Amino acid sequence: MTSASDDADATVTDAEVAALVSMARDRRARSVVVGSGRTPGALATARLIAAAWERAGGDVLDTIAWPETGASWLRFATRFAAAGPDLWVMTGPATGWAQMTRRLLWSTAWRPARTLATAVVGDPRTLALVGPARLYGLAGASADGTTWHVAEER
C-alpha cells in the first residue's frame, strides 16, 4: 500500500466529472469555485470540471491553484473562500490538498459540507491527512462515477 504522500497526479474521468456536476445540480448550486494543486493532472482536472460546470449552465466564480509545498497557504485559502460560491470543488494531489484544507479550516468560513471533491481527495489515506472528523459533510465522486460522503465519526 502506498501512502497518501506518494501523490499521484491523476486526471479525472468523464464519469467522475459527470457525477460531480450531477451532485452540484442536486444541491441546486449555481456558482462554484474550483481549487486544485498545481501539478499537470490537477490543473487539467480543474479545467475539465470548470468547463463541464459551465456547459451545464453554472457559473465558475474563480479557479485557485495552490502549491504542493509552501510556507503558508493563507493567501490561497483566503482567495478560495472569499468568492462565496454555492459550492466549492477541490482536487489534489493529497499533500497540497491537505495543507490547503487545514488552512481553510483554521482561517476561513469554508465548510466541508459545502464542498465536492474528486476521487484523489476521497481516498481514505488522503482524508486521513486532515482527519475525517474535521471533514464531516465533504462529498465527492469516484473515478467510476459512484459518489462518496464523509460521515460523522461516532
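**Helix packing, nonpolar cores and local backbone features**

In this predicted model, the axes of helix H1 (residues 14-26) and helix H2 (residues 40-55) cross at roughly 50° and come within 10 Å. Axes are lines fitted to C-alpha atoms, for helices over the stretch in contact, with angles running from 0 to 180 degrees between N-to-C directions. Helices (H or I, at least four residues) and strands (E, at least two) are DSSP runs numbered from the N terminus. H1 and H2 are therefore oblique to each other (under 35 degrees counts as roughly parallel, over 145 as roughly antiparallel, 65 to 115 as roughly perpendicular, and the rest as oblique). The crossing of H1 past H2 is right-handed; that is, the near helix is turned clockwise from the far one by less than a right angle, anticlockwise being left-handed. On the H1 side, Val17, Leu20, Val21, Ala24 and Arg25 meet Leu48, Ile49, Ala52 and Trp53 of H2, contact meaning heavy atoms within 4.5 Å. By class, this contact of H1 with H2 comprises eight nonpolar, no polar and one charged residues (Ala, Val, Leu, Ile, Met, Phe, Trp, Tyr, Cys and Pro count as nonpolar, Asp, Glu, Lys and Arg as charged, and the others, Gly among them, as polar).

Residues are numbered from 1 along each chain as its sequence is written. Local features need pLDDT of at least 70 and side-chain atom pairs count only at pLDDT 80 or more, while totals for chains, interfaces and linings use all residues; side-chain values use heavy atoms, with hydrogens and water left out.

The contact involves Leu74, Phe76, Ala77, Phe80 and Ala81 of H3 together with Met100, Arg103, Leu104 and Ser107 of H4. Seven nonpolar, one polar and one charged residues make up the contact of H3 with H4.

The largest nonpolar core has 23 residues, of which Trp66, Phe80, Trp97, Met100 and Leu138 touch the most other members. Such a core is a set of buried Ala, Val, Leu, Ile, Met, Phe, Trp, Tyr and Cys residues joined through side-chain atoms within 4.5 Å. Two or more residues of this core come from each of H3, strand E3 (87-90), H4 and helix H6 (124-130). Beyond four places in sequence, the contacts of Phe80 include Val33, Ile64, Trp66, Trp88, Met100 and Trp110. Another core, of 20 residues, lies apart from it and includes Ala19, Ala24, Ile49 and Trp53.

Within H4, Thr101 has 0% relative accessibility and therefore counts as buried (under 20% relative accessible area; exposed is over 50%, partly exposed in between, with a 1.4 Å probe and protein chains only). Apart from neighbours within four places in sequence, Thr101 contacts Met90, Trp110, Val130 and Leu135.

A cis peptide bond, with omega about 10°, joins Gly92 and Pro93. Gly92 is placed in the loop between E3 and H4 and is buried, at 4% relative accessible area. Arg28, in the loop between H1 and strand E1 (31-36), has a positive phi near 60° although the residue is not glycine. With 70% relative accessibility, Arg28 counts as exposed.
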